[in-house]
Each structure stands twice: as structure tokens, then as C-alpha cells.
Amino acid sequence: MLRKLLELEIPNSVINWISDFLTNRYQRVKLADTCYSEWGPIPSGVPQGSKLGPWLFILLINDLEVTQADFWKYIDDSTASETVPKHSISNAQNIADSVSMWSVENRMHLNPDKCKELRISFNGKSRSFDPIVVNGKELEVVTNFKLLGLNINNKLTWNHHIDDVVKKVNKRLYFLKQLKRAKVPCKSLATFYTSCIRSVIDYAIPVFYHALPQYLQNDLKRLEKRAMAIIMPTESYSNTLNILGIPSLKDHHEQLCAKLFQSVVSDTNHKIYNLLPDRNQPSYNLRQERTFSIPMTHTNRVKNSFIYAMCNKHNLS
């Protein structure tokens with residue numbers, strides 16, 4: 001850590017302060033007010049809960065790179081992906097080896113049990129690949145896994161994720177019922193719904209909103225109907241939304257998608273700006289906003305992706 005801080009040309013006074021903060025630290029456990037364990041040394045790591053911890057970790061993994069594949073890092077979660085065309089050889093083992101070598105060089109333990117392999121294929125017959133080995137152990141091949149809160153499966157459908165959302169929301173609806181029984185005002189219940197329940201449904205919604213089949217959209221809508229029935233049991237679903245000033249789930253999600261799309265279009269430095277297709281120059285009305293030149297596609301999977309669907313809406317507007 002100190003070597004990497006020196007390479008970043010951080011002032012020596014700051015490095016000395018960080019070094020003093022991390023070395024010769026001790027901790028103990030407190031039970032009630034009078035019971036304490038013996039003091040014990042902390043040979044490594046950063047004290048949990050400190051504001052300095054996340055920054056130091058980001059600096060530590062800043063030089064973790066993989067050149068053989070697409071690679072994403074978010075805090076302590078790293079993901080690599082590759083596309084293996086037909087009759088080509090997978091480079092996954094070399095990717096895993098490079099990450100494993102980096103972890104050894106940086107004295108970080110790579111746990112093979114927490115590393116998973118997901119093979120995404122839309123063919124009827126999946127190809128056979130050699131297992132990926134990390135620290136002498138084969139990685140588990142899974143059909144779905146959670147990546148930053150999204151449950152992704154090997155067919156890029158969203159049934160698993162919506163199932164997780166429904167289970168999580170149902171647990172929070174219980175607390176909404178308890179608040180209703182405690183005679184909390186309807187406006188406060190609406191605030192609890194939008195902040196603690198609908199936020200779960202909204203999470204990463206632009207990623208999969210246009211790809212949801214009608215029956216999965218209905219599953220999400222039923223959650224909102226249940227919440228409105230709890231808040232105002234004598235009113236209809238639509239009347240409750242109007243009284244409380246809450247937009248319907250469909251309108252709300254379309255607003256979130258439109259807001260994100262507008263931020264992508266207006267910012268050339270946006271992370272996904274390069275995914276936008278080229279724009280057509282208006283032939284006669286120079287004040288008309290340019291449309292996107294959307295490439296032809298033969299699958300609904302592409303048509304229902306965020307960029308494709310929003311570009312199509314933009315062209316039709």
C-alpha cells in the first residue's frame with residue numbers, strides 16, 4: 001500500500017500519517033459496559049467503518065488490469081468477460097491466471113469459492129469448455145449469479161431477478177402493514193413506500209425494463225397494488241395513486257429510463273456514450289433534432305435492450 005501511495009506522488013506527510021494510522025493498531029471486544037476482552041494486534045487490513053478504508057482499497061486495486069478481455073471493477077467486485085466465437089478457443093484460464101498472479105504479488109487472498117463462471121449462450125446445444133482453475137480448484141459453473149445486485153442468468157432473461165425483487169418487497173410490505181396498524185398517516189406511509197419499497201423495484205430498472213415480458217411486468221405491478229391497498233384499503237388502485245400524488249409504476253419507470261438516456265446523450269464522457277449509434281443529419285429542417293441510425297437486428301433481445309429501445313423511442317418522438 002505504501003509503495004503504491006509513493007508511486008501516486010502523494011505528499012510524504014500524508015503517507016506518513018496513513019502509515020501511522022495503519023501500523024501497531026490493537027483492538028478488543030466490549031460486552032455490555034464492564035466486560036472487555038484482552039487487547040489483540042491487527043497485523044493487516046484497515047479498521048472497518050473508517051472513511052479512509054474505501055479510498056485505500058480503491059488505490060490498492062487501481063493497477064489490477066486484464067488485457068485479454070473486458071474487465072470491470074467496482075469496490076471489491078471484479079468481473080471479466082470474453083466473447084468466444086464459433087471454433088475459437090477460450091482465453092478464460094489466462095484471464096484467471098493474471099488476476100491470481102496480481103493477488104499474490106499484492107498479498108491479497110483470492111478465494112476460489114467466491115469466484116464463479118457464467119457461460120451465456122443462446123444456442124440449443126452449449127459448447128464444451130475446459131474448467132477454469134484458480135489456486136488449484138476448479139471454479140463452479142453457475143446458471144445465474146448476482147452481479148452488483150442484479151441476478152443475471154445464462155439466457156439473459158430476468159425471471160430470477162424479478163423473483164428476488166418480489167421476495168424482498170414482500171418482506172418490506174409487512175412493515176408497511178405494521179405502520180398502518182399503528183395509524184401512521186397516509187402521507188407518511190406513501191413516503192415509506194416510495195423510499196423503502198419502490199426503491200427496491202426501481203433498482204437498475206433501465207437495464208431490463210424494456211426486456212420484461214408482460215407477465216413479469218404484472219408481477220411488479222401487483223406489488224404496487226398491494227402496497228396501495230394497505231395504505232388506503234377503501235380506495236381503488238388508481239384513486240390511491242392520484243390522492244397520494246404517486247405516478248404509476250409504468251410511468252415512473254419510463255421517466256427513469258428517459259432521464260438516464262438523456263444524461264447519456266448529453267454527456268460525451270458518459271460511460272456508455274460510445275454505445276449510442278450514429279445520428280442522421282436532417283435533410284430539410286435544420287432545427288429538427290437528429291435521429292439515431294439504428295442498425296438492423298434479428299432478435300428481440302437486442303431490440304429490447306436499453307440503448308436500442310430508447311433510441312427507437314427518440315426517433316419516433
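**Note on helix packing and a pocket in the predicted model**

1. The axes of helix H6 (residues 186-202) and helix H8 (residues 214-231) come within 10 Å and cross at roughly 160 degrees. With angles over 145 degrees counted as roughly antiparallel, H6 is therefore roughly antiparallel to H8. The handedness of this crossing is right-handed. It should be kept in mind throughout that the model is predicted.

2. Which residues of H6 and H8 meet? On the H6 side they are Cys186, Leu189, Ala190, Tyr193, Arg198 and Ile201, and on the H8 side Leu220, Leu223, Glu224, Ala227, Met228 and Ile231. Sorted by class, the contact of H6 with H8 holds 10 nonpolar residues, no polar residues and two charged residues. Arg198 of H6 and Glu224 of H8 are among the residues in this contact.

3. H8 also packs against helix H9 (residues 237-244), the two axes coming within 9 Å and crossing at roughly 70 degrees. Because angles of 65 to 115 degrees count as roughly perpendicular, H8 and H9 are roughly perpendicular to each other. The crossing of H8 and H9 is left-handed, whereas that of H6 and H8 is right-handed.

4. From H8, the residues making the contact with H9 are Lys221, Glu224, Lys225, Met228 and Ile231; from H9, they are Tyr237, Thr240, Leu241 and Leu244. The class count for the contact of H8 with H9 is five nonpolar, one polar and three charged residues. In H8, Glu224, Met228 and Ile231 take part in the contact with H9 and also in the contact with H6.

5. A further pair is helix H10 (residues 249-265) and helix H12 (residues 306-316), whose axes come within 11 Å and cross at roughly 90 degrees. H10 is therefore roughly perpendicular to H12. Glu254, Cys257, Ala258, Leu260 and Phe261 of H10 meet Phe306, Met310, Cys311, Lys313 and His314 of H12. Seven nonpolar, one polar and two charged residues make up the contact of H10 with H12.

6. The second largest pocket has a volume of about 930 Å³. Its lining comprises 26 residues, and those nearest the centre of the pocket are Met1, Ser44, Gly45, Val46 and Leu60. Which elements give two or more residues to the lining of this second largest pocket? They are helix H1 (2-7), helix H2 (12-22) and helix H3 (52-60).

7. H3 gives the most to the lining of the second largest pocket, contributing five residues. By class, the lining of this pocket consists of 13 nonpolar, nine polar and four charged residues.

Conventions:
Residues numbered from 1 in each chain as written. Predicted model: local features only at pLDDT ≥ 70, side-chain atom pairs only at ≥ 80, totals over all residues. Heavy atoms only, no water. 1 Å grid on protein atoms, 1.4 Å probe; cavity = no way out; pocket = protein on both sides within 12 Å on 5 of 7 lines; lining within 4 Å. Points joined across faces, edges and corners; volume = space filled by probe spheres on them. Helix = DSSP H or I, 4+ residues; strand = E, 2+ residues; numbered from the N terminus. Nonpolar A, V, L, I, M, F, W, Y, C, P; charged D, E, K, R; others polar. Axes fitted to C-alpha atoms, helices over the stretch in contact; angles between N-to-C directions. Parallel < 35°, antiparallel > 145°, perpendicular 65-115°, else oblique. Left-handed = near helix turned anticlockwise from the far one by under 90°. Contact = heavy atoms within 4.5 Å.
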